[in-house]
Each structure stands twice: as C-alpha cells, then as structure tokens.
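Q: I'm new to this one. Can you walk me through it?

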Amino acid sequence: MKAIWLAAAALALTGCANVEPWQRDVLARPEMSPDAAPLDGAIDDHIYFSKEASSGGRGFGGGGCGCN
Amino acid sequence: MKDPVPSVSAAQRLSLSRSPGHWTGRFTAMACPCEILIEAAQETLAARILETAAECAWRIEKKFSRYRRESVVQRINESAGQPIEVDDETANLLDFAATLTRLSERRFDITTGVLRKAWTFDGSDRVPSQDQLDALLKCVGWHKVLWRRPTLVLQPGMQIDFGGIGKEYAVDEAARLVEDLAPGLSCLINFGGDVAVRNPRRDGAPWRVGVEAADNAGAAVRLVHLQRGALATSGDSRRFVLREGRRYSHILDARTGWPVSDAPRSVTVAADTCTQAGTLTTLATLHGAKAEAFLKKSGAQYWLH
Amino acid sequence: MSDKENLNAALAAATCALLGATNTAPVQASEADRWSFDTALLYYGESDDRVKDTSAAISATRDFSDERKLGLTLTADTLTGASASGAIAQDGPQTFTSPSGRAVYSTAAGEVPLDDTFKDTRFALNASWTQPLARLYTVSAGLGFSTEYDYTHIGANLLLARDFNKRNTTLSAGVSWSQDGIDPVGGAPLPLSQMLDVGNGANKAGSESKDVLDLLVGLTQVLDRTTILRLNYSFSDSSGYLNDPYKILSVVDPLTGDTIVRVPASGLQGPTGVYRFESRPDARAKHSLYAEVKHAFGAPVLTTAYRFMSDDWGIDSHTAEVKLRWPIGAASYIEPQLRYYAQTEADFYRVSLANGEPLPQYASADFRLGNFDAVTAGLKFGRSTSSGSEWSARLEYYQQSGDAPRDQIIGNQARRELYPDLKAVIAQFSYRFRL
C-alpha cells in the first residue's frame, strides 16, 4: 500500500500538469472543489459509519457516535 | 515624510513578493504603506509595474507635499502675495479643488491648512479660542485667491494644501501609468487605503479589499470584493477631538473653521476613479450627521462605520 | 436636472479634466459575504419499522481577509426504532432482557430478533479554523464535541497542507485524536457473559472509554484544466472499549443449531434462551486508501471515487462512488448518484456460539461485521435563486444484502433467515445562503 502511495506522489510531483493560475476557470467552479457539498459528505459519512465497518477515507475517520 | 527620498535608492525601498495567484509589491509614500497587487505575470514585468507605481507616488509626494522644501506647494505657500506661475498638472489640481469648493458650497477649501496652527487632532479636548480662529479665518477662502490659469496669487499669510485630493490623484495616475505599461493586466493600486483597479482579473476572481474599522485601526472589519473601479476611505480613527462627549473629525469646515462634528467615523465609497471616490468621502464627511443622506443622493455605493 | 445628476456630472467632468480622458469602465464592487450557511434536514428510515433517524444540521462559515476561515457545525439527531440484536431467529418466540435490565422484549416465531428499546438524541458541535501559514502552507485545526444519552465524544484535529508546482499539487498531512466515553444503558456487560434475568446486574460494569488516533496524508493534483485528482491514505488506530454493549450472540445446540432454551428464575422475567454478549478485541488498526477524480466535460461534472479499507480484524472493504452533476438551464442541476460497497467479515464474526465448545476469545454476530454488500442509488436536484442562495433535495435508496458464512451454519439454521436485507430511504433537503 505504501508503495502505491509513494508511486502516486512521485508521479504527481514530477509535474504531469502545468495549469497556470489564469487557466483555472473550470477548476475554480464551486462544484469542482473537493468540498462542494460539505454537509452531504458529513451526512453520508455518518450514515455509513453507523451501518458499515468502514469509515473515513475522504477525510478523518468520522465517528464520535455511539451508533457503532 | 521629512527626509527626502533620493531616487537612486528607490529600488531598495521596494519589495516584491509572490503571493497566492498574484504578486505583492510594497513601498512607503505619502507617509503611508502602499501596496501593488499584480495578477499572474512575469517577474520582470511585475517589478517594472511596482517601480512605475512607486516612482509615480514619490514624484507626486515630492511635488505637492506641503512639508517638502522643493515642492510646488511650499513655493506657493511662501510666495507672500507674489504671483506664481504653475505648471499644467498643478493648474489641473487647482481647477479641480476650485470645483470641489463650489460643489461643497464652500465647506471644502484647499486654503483651510492654516487652521491647523490652532487645531491639534490628538484625541484631546484642546480647542482653540474663537478669537484665535477668527484671526486665522481671515486667511481662509478660495474666493480670496486670484487664480487665472496659469497664475496664482495668494493673499499674504494664506496657504494651500492638497490634502484630500493628492493621494487619490496619485492612485489614479499610477493606475494610468501601469495600464500604459501592461495594458489589460489587472493590478490593484493601494496607497494607504485608497484603491484603484483598472481591469478585472483574468481568472474572474475579485480583489478582496479590507475596509478598516474606525475604532479598531489595522483590523479589517469589512471585506469588499472589487472587480474594477476604485475605493476611497476617509476616517478619523486616529485623528479627532473629543469635546463634551462629541467627537470632532479632523476635517475642517472652511466656512466656520471648526471641525465637522457627528460625521460617520469612517466613510468608504466606490466609484469609477479613486479621485471621484475620495471626493465623495470628503464631501460626505463635511456633511457631518447628514453624510449618509448626501451619499444616498449621490447614488454611489458606500459603506459607513 | 436633479441634485444627484448635477453633482455626479460636475464631479465626472472635473475628474476628467484632472486625469485626462480615461477610458475607465464603471466600478464593480460588492461587499464580500461575511457568513455563509449550509443547512440540511435529513430523514433516514429503514423498512419494517427498524431504525429511523431525523436530523438537522447547520454549518456556518465566516470568511476573513487573508483567506482565514472559521467553520462551525451543529448537528442534532433523533434515533428511534429497532435494530438487530445479533441473536438468530427461532421456530418459537423468544424473550430477551432489555439493555436497561429492567424489562423484557419478545420476538415472534421465525423472526430475526430486533431490539426496539432504542431511542436516542444526539447533539454534535464542530469548530474549525483555517488559515495560511507562510506563503504555500495552509493550516487547519478543528475541535469536536458530541453527546448522546449513553455516549460522549471529544476530538481535536490538525491538518497542514503545502502547495507545490504553481499550486497544481497540494500535499497534506494531518492528525486527529478523539476520546469517547461510553456509558451504556444498564451498564456495560462483561464480554461473553450470559444475558441475565430482569433485575440481575451481576454481569454489568460501569462506563467505558475508547481512544481513536487518525493519521492522514493526502495529495491533490491538478491533472489538466478540467480534471483534479485526490488521493488520501489514512491510518486509524482505535483502542479501549470497542464492543457494541447491546449486541448479543445466540448459544445453540452444536447439532440442531437451535438456541439453547433457558427458564428464568421463578417469579422473575428473563431471557428464554441462552444469549451471550459480544466480545471484540480492544484494539483495531485500519488502513484506507481513497482516490477521487473530478472531471468537468463542459458544464457537467463527473465525480468518481474509490476507497479500499483493510483492518486487523480481517475486514477488507471496497467502496466505489459515481456522481454526475448535470446542469439544467442556468440555475438548476440534477445529480444522479450511485454507490457500491462490499466488505468481508471480521475474523471473529459468528452466526452463533455452539453450546459445550470452549468460548472463543472474541465473537460478534453484529451484521455490520459480517460479509455483505450494499448499493445506494440516489438523485439530487439543486436550484440556485436570484439572490445567490441554493436549495437542493436528495432522495436515496440504500440496500444491504449479506450472507452468513456457509461453514458456520448449523443444522436447522439453514432453513431460517439469518441475515435479513436492510433497506432504507434517505431524504435530504438542503438550503445554502449567505449573510
């Protein structure tokens, strides 16, 4: 797993993309932000945390609930 | 302000740094911190823009500061009744000041400077005597001046200063020169809180300008998104007189020689040019408690505190 | 001419004379929004009168100058309904002592036992602060607190991000720590102890606690003008009391698979079978890898995400998610959403415990530790208003289907329902506005 991670990081850092600040018109759209719908994400995490054995991934592991 | 800035050392007084998505250039002019924000550009271009804006600010400061030995204003103030011939730029500023006096029904006047001998705006309650003011008021009033472009004759004892005009004019001049240098590039010119932007940014994002709160100097309380145009703020956060519970601003009403009372602590106006915005803040403040009514009537976008 | 026109015209003319003919465009300025609010109302309802959860959340974000940001989120939810206790169905009715130890509840013949004594209200408050640190760094710190009848949680987290490569690459690293206190209704049962008659609390202890430490490293990479990739690796280490204090296992005859019958002490109410409380290890280490790609092809935006999770309880899971945000006109969009989840069972997952055999160290019949897969299909509709607010509605259907491990099924268990499907409807309404 660590190998995959390091490979991915290395790939990114070699600069496979070079998008200039003024070319960020699309990336700057709110729906392209990773936190486009923060409450939706929090609600999903909470539901799946209480119903499944896995949690987190997108961010920290969620939890803080007696539901699991 | 008091030590002259030799242009040879100018480069040392400039700082240019990379910020997220833009360049930030800084220098000091007209006794206040100045800042130039330049959207993504080559470093050499950003440096030239910063130099151009700073040279412009320093030139105007040198030429029009009433504290400067060699300034035009000092030459005029020391003329003691003798006719003085002025250059085009000075003449344009004098014409503009005369218009403001007319538009403000003589509340605004560039000859009120002598009254500062009596008023010290240090937050105390020291107030000059009416006799003292009356004596000084003899030397106040644009109508006492003989102005026939390009010749100006002040009465002996009279003085002028371009406070309330000069800095805003410098911002617009710098914006013009930067536009000539890099047409279409979005730059934010900020001379001590007076701001101008000629072009919107290519990434569509606005420049974010913090508007200083009057009673909390240094901390931004309002954030204004500026795509293009200008903002000017007049405030008395540090300069005021408190007397019998009333707060008098440092802006003097030329008709009475007294500071304006009950004016908003700070007035920010948005307009097409910084000169227009600055004029509106000054005129509004001169209306004291009726500042907001004045601004409403002007139709300009404003923020009061 | 009005005064206004007089003044403006005179001022414009004077300015023009001073500055020369400038071709400045009209000013465009607006006060920045100071607070933005995200609010949501959620209904989660399982079929067959199982768990129902109604919750409300409000999240407020305050933007300061210099990209400093304060976030506050308040959530309240109410949970009611029945959830599977872990005991298996029988040919006859079954009676259990409720978690409080003060009453009993019963399950009809042939039905999977559900404990319907659940009712809880939870309040959670989270606060976060984000600000730039030096030129390319951003730091974000958060605090969380939640409370419910039998559970309290406090947590803190810190995340540091650094931009590289003209901000096309962001690397982040974070740590989160939390401490939870569990104070189960009727006390925390001793692991693997037998369910006792009403009024007998001999196997119940006081409150328990657990600590969770999360470490996260993340990479966000701009792939091209329209594509952004996010990769996260996270490690989570839980220690302390990790049991569900309300989950039990049926103790069965090793040949027939039927639950051993028990008679309550005379004059007392109590369980009619032998049931033991579950026992999980007191530590759990989870590794997860998360990848997300967002791509805009024209106006529509496609989001795909995949997560792999593996822990030292023997659970592996795969999660895949796809969302397609499709604009309708200038102000609306629909977003179909699809999610698939599959997990393997924990090493200590047991359908039941065979009577007479030595007790294992760890055992749980909690379906959530079993082998199942789940599908969520949903649709979201959003619309922005002229004032800049946005509302959205989301409707989802969630279904879990699991299997009991074949080699664990004993005798008559094969003809009974051991792992009922879970079906739930999720409805959410959200409104976002600014002040």
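Q: What percentage of the 305 residues of chain B count as buried?
A: The share is 45% of the 305 residues of chain B. Buried means 20 or more other C-beta atoms within 10 Å of a residue's own; exposed means 12 or fewer, partly exposed is in between, and C-beta atoms are placed from the backbone. A caution on the source: this is a predicted model, where local features need pLDDT of at least 70, side-chain atom pairs count only at pLDDT 80 or more, and totals for chains, interfaces and linings use all residues. Residues are numbered from 1 along each chain as its sequence is written, while chains are lettered from A and ligands numbered from 1 in the order in which they are written.

Q: How many helices and strands does chain B have?
A: Chain B has seven helices and 15 strands. These are DSSP runs numbered from the N terminus: helices are H or I with at least four residues, strands are E with at least two.

Q: And what share of its contacts join residues at least 24 apart?
A: In chain B, 62% of the contacts between residues at least 6 apart in sequence do. A contact needs C-beta atoms, placed from the backbone, within 7 Å.

Q: Let's take α1(B). What span should its 22 residues have?
A: At 1.5 Å a residue, helix α1 (residues 43–64) of chain B should span 32 Å. The end C-alpha atoms of α1(B) are 32 Å apart, so the two agree. The expected span is 1.5 Å times one less than the number of residues.

Q: Which residues of α1(B) are buried?
A: Among them are B:A46, B:I49, B:L50, B:W58 and B:F64. B:E61 is on the list too.

Q: What covers them?
A: The cover of the buried residues of α1(B) includes strands β1 (15–19), β2 (22–29), β3 (32–39) and β7 (187–191) of chain B. Helices α2 (72–77) and α5 (166–181) of chain B are also part of that cover.

Q: At what angle do α1(B) and α5(B) pack?
A: About 145 degrees, with the axes of α1(B) and α5(B) 9 Å apart. Axes are lines fitted to C-alpha atoms, for helices over the stretch in contact, and angles run from 0 to 180 degrees between N-to-C directions. The residues in this contact divide into twelve nonpolar, two polar and two charged. Nonpolar covers Ala, Val, Leu, Ile, Met, Phe, Trp, Tyr, Cys and Pro; charged covers Asp, Glu, Lys and Arg; the others, Gly among them, are polar.

Q: Where does α5(B) meet α6(B)?
A: On α5(B), the residues are B:E168, B:Y169, B:V171 and B:D172. They meet B:C274, B:T275, B:A277 and B:G278 in α6(B). By class, that contact has four nonpolar, two polar and two charged residues.

Q: How do the axes of α5(B) and α6(B) cross?
A: The axes of α5(B) and helix α6 (residues 274–286) of chain B come within 8 Å and cross at roughly 165 degrees. So α5(B) is roughly antiparallel to α6(B). The cut-offs: under 35 degrees is roughly parallel, over 145 roughly antiparallel, 65 to 115 roughly perpendicular, and the rest oblique.

Q: And α6(B) with α7(B)?
A: The axes of α6(B) and helix α7 (residues 291–298) of chain B come within 7 Å, crossing at roughly 140 degrees. That makes α6(B) oblique to α7(B). The contact residues of this pair are six nonpolar, two polar and no charged.

Q: Switching to chain A. How many helices and strands are there?
A: Chain A has two helices and zero strands. Of the 68 residues of chain A, 47% count as buried.

Q: Why is α2(A) largely enclosed by the rest of the structure?
A: Because eleven of the 14 residues of α2(A) are buried. A:L39, A:I43 and A:F49 are among them.

Q: What do the buried residues of α2(A) pack against?
A: They pack against β2 (35–46), β3 (52–63), β23 (390–403) and β24 (422–434) of chain C.

Q: How many residues of chain C are in contact with chain A?
A: There are 65 residues of chain C in contact with 39 residues of chain A. Strand β13 (residues 208–224) of chain C gives the largest share of that side, nine residues.

Q: And chain C with chain B?
A: There, 23 residues of chain C are in contact with 37 residues of chain B. On the chain C side, α1(C) gives the most, with eleven residues. That side divides into twelve nonpolar, seven polar and four charged residues.

Technical notes: Contact = placed C-beta atoms within 7 Å.
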